[in-house]
Amino acid sequence: MQSKLALALAALTLAIGPPWRVYAETPGNDESMSPCVSALASLLRSRLRPTDYPEAARSANTQGTVWFLLTCDFQGTFEGSWVERSSGSELLDQAALRTVERVFPLGAPAPVECRLGHGFSVTLPLEYRLIPAGSKR
């Protein structure tokens with residue numbers, strides 16, 4: 001059976017309930033972060049490439065979700081990212097980190113929705129999934 005590649009952001013239900021966690025340097029509620037998290041998810045989704053799913057992982061039918069932490073400083077500049085919860089595959093974890101670092105490079109400005117005047121960290125999922133050819137996403 002042939003498979004087509006699907007690399008999808010798992011956080012597609014941001015409006016219903018946040019599957020993400022936020023850590024802010026100033027008190028605030030998660031609702032105020034919704035536009036920022038939506039912008040980050042949209043940016044990541046728009047910049048995903050088929051090559052972000054390693055060939056070795058595809059060949060081995062390796063799938064999983066990597067939860068990564070992304071931090072911004074008070075000026076809205078990306079200052080770091082790392083794997084917070086492993087997919088169980090070192091190959092996928094490293095691929096996710098490379099993807100996140102490419103999409104959100106250190107020192108780059110965050111989307112305008114994330115320029116909040118305080119630092120924050122947000123945890124987002126990146127799902128690696130193989131979808132059978134002919135099925136709809």
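What is the handedness of the link of C36 and C114, and what is the angle about its S-S bond? The views below, taken from a predicted model, begin with that link.

**View 1. The disulfide between C36 and C114.** In this predicted model, a disulfide joins C36 to C114 with an S to S distance of 2.1 Å, and the link is right-handed, with 105° about the S-S bond. C36 belongs to helix 1, whereas C114 sits in the loop between helix 3 and strand 5 (120–132), so the bond ties together parts of the chain that are 78 residues apart in sequence. Both ends count as buried, C36 having a relative accessibility of 0% and C114 one of 1%. The count for the structure comes to one disulfide.

**View 2. C72, a cysteine whose sulfur is too far from C114 for a bond.** The cysteine sulfur closest to that of C72 is in C114, at 6.0 Å, which is too far for a bond, because a disulfide requires the two sulfur atoms to be within 2.5 Å. C72 is itself buried, with a relative accessible area of 1%.

**View 3. T77 in the loop between two strands.** T77 is placed in the loop between strand 3 (64–72) and strand 4 (78–85). With a relative accessible area of 19%, T77 is buried, since that value falls under the 20% cut-off for a buried residue. When its neighbours within four places in sequence are left aside, T77 is in contact with T71 and C72, and also with G107, A108 and P109.

**View 4. The packing of helix 1 against helix 3.** Helix 1 (residues 34–47) and helix 3 (residues 90–103) pack with their axes 10 Å apart and at an angle of about 110°. That angle makes helix 1 roughly perpendicular to helix 3, because angles from 65 to 115 degrees are classed in this way. On the side of helix 1 the contact is made by L43, L44 and R47, and on the side of helix 3 by T99, R102 and V103.

**View 5. The salt bridge between R102 and D52.** R102, one of the residues by which helix 3 contacts helix 1, also forms a salt bridge with D52, in which the closest N and O atoms are 2.6 Å apart. The pair links distant parts of the chain, with R102 in helix 3 and D52 in the loop between helix 1 and helix 2 (55–59), 50 residues apart.

**View 6. The salt bridge between R58 and E55.** A search of the whole structure finds three salt bridges, and in one of them R58 pairs with E55, the closest N and O atoms being 2.3 Å apart. The two residues are three places apart in helix 2 and are therefore separated by about one helical turn. R58 is partly exposed, with a relative accessible area of 26%, and E55 is likewise partly exposed, with a value of 48%.

**View 7. The salt bridge between E127 and R129.** Here the side chains of E127 and R129 meet in a salt bridge with an N to O distance of 3.0 Å. E127 counts as partly exposed at 22% relative accessibility, and R129 is partly exposed too, with a relative accessible area of 28%.

Definitions and conventions:
Residues numbered from 1 in each chain as written. Predicted model: local features only at pLDDT ≥ 70, side-chain atom pairs only at ≥ 80, totals over all residues. Heavy atoms only, no water. Axes fitted to C-alpha atoms, helices over the stretch in contact; angles between N-to-C directions. Helix = DSSP H or I, 4+ residues; strand = E, 2+ residues; numbered from the N terminus. Parallel < 35°, antiparallel > 145°, perpendicular 65-115°, else oblique. Contact = heavy atoms within 4.5 Å. Buried < 20%, exposed > 50% of the residue type's maximum accessible area, 1.4 Å probe, protein only. Salt bridge = Lys/Arg side-chain N within 4 Å of Asp/Glu carboxyl O.
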